Amino acid sequence: MESCIITSPLGFTKIIGSEDGITEITVLNSVEEVTDVIPETLEDCVMQLNEYFEGTRHEFNLKLNPQGSDFQKQVWKQLECIPYGKTTSYLELSKQLGDIKAIRAVANANAKNPLWIVVPCHRVIGSDGSLTGYAGGLHRKQWLLEHESPYKQQSLF
């Protein structure tokens, strides 16, 4: 496994992966040293994340290799189907997976998503439209949703 740390508008971001794919993308809550030389296996991921933050990429095309249970992987796969600029609820996600009663398990799998941003767990909100839990903090979830919104907030001053 190789890793690197880059900067992003959300903070220092750690990427871990190998020839088999990207296994983890995490936004850190600490100040870290930025990697000078990005490992070749992670270069495409870094480039695509930078394009996303610049607003020029709306879909990721990366080989992913998240580690988790079969159920978690099933939830994460479903998250990838949520289009850029759109949201869904935990309840809708549970319905799409075929078990409305699995809402807590779906929420738990969503919280354990190891591939932030690329597997867009930030696009899952409460049924009432509220910004519910986000492992990276609600301020980051709000930033990501605003970044993807087709309706940009205008400043009056």
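Q: In what order do the three strands form the open sheet?
A: Strands of a sheet pair through backbone hydrogen bonds, either parallel or antiparallel. In this predicted model, the order is β1-β2-β3 and the pairing is antiparallel. Strands pair if DSSP finds at least two bridges between them; strands (E, at least two residues) and helices (H or I, at least four) are DSSP runs, numbered from the N terminus. The edge strands, β1 (2–8) and β3 (21–27), each pair on one side only.

Q: How many bridges join β2 to β3?
A: Six bridges join β2 (residues 11–18) to β3. Thr13 stands opposite Val27 in β3.

Q: How is a pair of aromatic rings described?
A: By the distance of the centres and the angle of the planes. Rings of Phe, Tyr and Trp (its six-membered ring) pair if their centres lie within 6.5 Å; planes under 30 degrees apart are stacked, over 60 edge-to-face, the rest tilted. The structure holds four aromatic pairs. Tyr52 and Phe53 have ring centres 5.3 Å apart and planes at 75 degrees, so this pair is edge-to-face. Phe53 and Trp143 have centres 5.9 Å apart and planes at 55 degrees, so that pair is tilted. Phe53 lies in helix α1 and Trp143 in helix α5 (residues 138–148), 90 residues apart.

Q: Is Tyr52 buried or exposed?
A: Tyr52 is buried, with a relative accessible area of 0%. Buried means under 20%, exposed over 50%, partly exposed in between (1.4 Å probe, protein chains only). Trp143 is partly exposed at 28%.

Q: What conventions apply?
A: Residues are numbered from 1 along each chain as its sequence is written, and side-chain values use heavy atoms, leaving out hydrogens and water. Local features need pLDDT of at least 70, side-chain atom pairs count only at pLDDT 80 or more, and totals for chains, interfaces and linings use all residues.
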